[in-house]
Every structure is written in structure tokens, then in C-alpha cells.
Amino acid sequence: MIEKDGVAPLEMVMKEFPDDKEVLINPKAIIECYKEIPCNPCETSCPFDAIHVGEDINARPKIDFDKCTGCGICVYNCPGLAISVRQLQGDKAILKIPYEFVPRPEKGSLVNVVNRNGDVITEGSVKRVQEGKNQKQTCLLHVEIHRDFIYDAITIEVPRGS
Amino acid sequence: MKNKEAVIIGAGPAGLKAAKQLLEAGAHVTIIDRNKKLGGQLVKQTHKFFGSEKQYASFRGIDILEILVQGLKPFEDRLEILNETSVVGLYKDKVVACVKHDNFFKIKAKSIIMATGASEKHLPFENNDLPGIYAAGAVQTLMNEYGVKPGDKVLMVGSGNIGLIVSYQLLQAGVDVVALVEAAPQISGYLVHASKIKRLGVDILMQTSIKRAIGKDQVEQVEIWELDEVWQGIPGTERVLGVDTVCISVGLAPLTELLMQIGADVEYIRELGGNVPRIDFRYETSIKGVYACGDVVGIEEASSAMVEGAMAGIHAAHDLGYTVEDESRKLKVLQEELKFLRSGPHAAKVRAGYTKLEVKT
């Protein structure tokens, strides 16, 4: 239960995805902001006017998948690291996730991909490490995984207690 | 004794915003802060802020600090900064007693803005004075300001935003956060912060608290246990975790002592964190010419503190006889910002607190 452990159950997660999975042939931002908090940088940073929060900044963001290009700018700007970009490519899926650890994983390296509970669910391959222009310290990791994990994958494992 | 015009005590987000408004209006401003670097807690806040663009949302606290300090630069000729200076006394005739590097001196102010912030609360448990037990904010200072790793394995106590954020920052520093325990049945901070640490493998345990710390010269282990509905430990549920550091993040208390000394009316409002001054809608305390803003009037986020600071600064400038350009519109816009910052479910406690305070004023 998300209020007790921070883990959004899959049915909750699925509601944030486009109803038609085929929409994800193009990259789309998936916003996992499940509780009202006073915050709107996703809306103000989007160059395509695809995210709506509105005057009351406590409202949960709503995304228009027709307008979203999956550019990833909102991913850099979300203070809660609650947005990722997901795309299906054949039997693969590409995740663009916010990453704030150093050293950055190297391009081409294999990484352990985890679910929202922190369990390693699959291996992914780092396709690109994209440093932000305005958002220093947060980078966008492009990680390729098998398409089966497009809903479950959330980030990569980081070393503990190094 | 030197005469000063507007004296701001505390150079955190509230104090710096108040300073900007006073300087813009034409006042001479003296900022007093006990730390070397201005910014209060912003100096260690490496995370991105929430809020709207007006409160610099998605900028990191450390970067907001630079923006706030740069904003004072055009007014340097009217700005005096007394850093590494502690205010040790405050009197009704607006005499401020200060100590800087063991030198005692007094200044007399025309108006005073109290932006003293808050201090961290502690928790009673066996051996809670062992080395290795810190307030979470202290660990954040060690790590983010001084670059000192506090330990290798941490138990975080408390699931408010500070506990959640500091846990994430510990992970960033390469420290293992073994578990985060919370006495309440639900996470009290933002869920997005909780999700961030949970997916990186931190155990989040509700209705659980620390029973005792174990160790000879420092923390070597902790015993945690589950709590029942009335927050009592349940015998038989004890578990021992191997940690060398315990971070206590169980809330903040407003630093109201100086306001009590000056004789301002102070009320105990649980929802606001403890003793807070009675202020009117102009942020003026019961003592004319003494204003208060930021965490000292009630524990909230830094975004709210900035808005309150700006409002207190505008009112103080007005009362000193300065013309604040566009005053009523500026205040209206700030009011509106604050309304939205306080309108979500997370601000329910704060709203209840201010309702109580108003009822009594």
C-alpha cells in the first residue's frame, strides 16, 4: 500500500499509462504523482503544453499523450523524480529515467533494473547518459530492457553502502 | 550602542526574502545570522524544491540560496551582514544583544524581523545519547555542507519529508540506509520521496519505532519494535539491526525563545510545532515593530517561509514609512501563493494550526 511503503501497486501504475499500449511506439512521459502536493514544474517546463496542473498547484498533473513527444524535459524538472519516459521498440522497451548518483553508469554497460519495491527484475543496457542543460546533477539515463518489463521497471539498482 | 533601521534575525529563506523587500523599498537592513554562510538550512538542501516557479520550484535549495543572495547585491550600500553572530538577548526597546567571536555588543533597531527558524526535536529511548545518534538535519549538514560521511549503516527514524529526503541523500553519499521506521500508520511526508528510497531498497516500516540503542562507546546496534494503535511498543516484536548511525527526524520546534524574552505573546499550538508568536495578518507580533515569519511562526516548507518573509518585509518597510511600489497588488499575489501552498492535503495540519491561532487572537 503506497501510503505505508511508497510502493504504487501495478493497477495504480497502469492508470498512468496510455490505455492503448500501441501509443507507446512513440516515447511518452509517465507521471507517477499519486498524491496532491503543491507543485507544478512538470506543467511549466513542458515545451509542448502537454501537462496540465492548473491554478491550484496541488492538483495532480494530467498528461495529454497526443501532445507529449517524450522529450524528457519534465523528467529533469520533476522535484519528486516521479516521471519517466517509456517507449516500445520491437521486443524491447526504452526507459528514460532521472538519475542523481555518481559515478554515472557508462554507455553500453549492463545494469540491474528494479521495480517499485526495489527488487531486481531484469537486466538492462545503458544506451545513453544525457546530462541536463538547466538541471545539473540530474541526468537522464536511457535504459533498454525487454518489453515485458515496461510497466514494472522503475530505475536501476545503485550500490549500497559503498 | 549603534542605531539600526531594520534588523533581521536569521538569514534563511524567510529572512533573506524579507531583506530583499525592505532593501527594495529603500530601508537600511542589518541581517544577523549565527552561521558563516547566509541561507539557513538552504546551504545543505541539495534536493529540488516543490512549489511553483514563484518559489523557484525544481531548483535545488543550494541554488535558490545563490539566487536569494544575488538578489541583495544591488543594495549592498544599505545592507550590513553580521554573520557568525548570535543574538543572545532581545529587549522591549528593541535592543538586540549580540555576540560575535566572543565580542559582546548591542544594537538598537527601529524594527525587528524574527526569522529564527526552528530546531529539531529529539526522541526519548534507552541510550539515546550514544555517539552515532544524530538529528537528521545534523547529518545533512555534516554530509552536504562539510562533506563528512556520518557513518556506514543508518537507521532513519521518522517519515516526514526531512527523514525521506535525508535518507535519499545518504544513499547518494554511498551510505546504506538499513531501514526507515515511522510510529504513525502512514508515511507523513510526500509519497514521491518515499517511493524514491523504497525503489532503491530502503525498508520502510510503519507503526515501528526505536526501542533502544546498543553499544559501548558508540552505536553498534539498534533494537526496533512494532507499536500498537496507541503508540505503545508491542513486547515480542523486537528486532535487532546492525547500524552505526541513527538519524532522528521526528519534527521541528519553532525557535521562539527570543520572542518570549522580548515579551511577545506566544501560544502553544501543537499543529505548528510548539510555541509560536501570535501574529496578525501583517506578520506583526504583539509588540509593535516586531515581525515574525518562516518556521518560527509555524513549521512549514521553505517555499511558504519565502512567501511569509516577503510579506513581513513589505509590512515592515511600510511601517518604517517607506513606499513599497505596488504594495497592495504584491501582497495580494503573495497571499494567493501562500493559499495554494497551504491548500493541499499535506498542509491540513498547518491550516488547523493557523485556525487555532486566529481563534485566540
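How many residues from chain A and from chain B does the contact take? In this predicted model the contact takes 38 residues from chain A and 36 residues from chain B, two residues being in contact if their C-beta atoms, placed from the backbone, lie within 7 Å. On the side of chain A that touches chain B, α1 (2-5) and α3 (41-45) of chain A each supply at least two residues, and α1(A) gives the most, with four residues. By class, that side of chain A comprises 17 nonpolar, twelve polar and nine charged residues; Ala, Val, Leu, Ile, Met, Phe, Trp, Tyr, Cys and Pro count as nonpolar, Asp, Glu, Lys and Arg as charged, and the others, Gly among them, as polar.

Because the model is predicted, local features need pLDDT of at least 70 and side-chain atom pairs count only at pLDDT 80 or more, whereas totals for chains, interfaces and linings use all residues. Residues are numbered from 1 along each chain as its sequence is written, and chains are lettered from A and ligands numbered from 1 in the order in which they are written.

Chain B contains nine helices and 19 strands; these elements are DSSP runs numbered from the N terminus, with helices (H or I) of at least four residues and strands (E) of at least two. The radius of gyration of chain B, 21 Å, is close to the 21 Å that the globule rule gives for 361 residues, so chain B is as compact as a globular protein of that length. This radius is taken over C-alpha atoms, and the rule is 2.2 Å times the number of residues to the power 0.38. The C-alpha trace of chain B spans about 65 × 45 × 35 Å along its principal axes. Of the 361 residues of chain B, 52% count as buried; a residue is buried if 20 or more other C-beta atoms lie within 10 Å of its own, exposed if 12 or fewer, and partly exposed in between.

An automatic or database assignment supplies the domain bounds, dividing chain B into domain 1 (2-119 + 252-360) and domain 2 (122-248). The C-alpha centres of the two domains of chain B lie 31 Å apart. Six residues of domain 1 of chain B are in contact with eight residues of domain 2 of chain B, and the domain 1 side has one nonpolar, four polar and one charged residues.

In helix α2 (residues 61-70) of chain B, G61(B), I64(B), L65(B) and L68(B) are buried. Viewed down the axis of α2(B), its buried residues fall within an arc of 105°, so they line one face of the helix; the arc is that of the directions from the helix axis to the C-beta atoms. The buried residues of α2(B) pack against α1 (13-25) and α7 of chain B, whereas the face turned away from the buried side carries the exposed residues I67(B) and Q70(B).

Q221(B) is located in strand β13 (residues 221-226) of chain B. With 15 C-beta neighbours inside 10 Å, Q221(B) counts as partly exposed.
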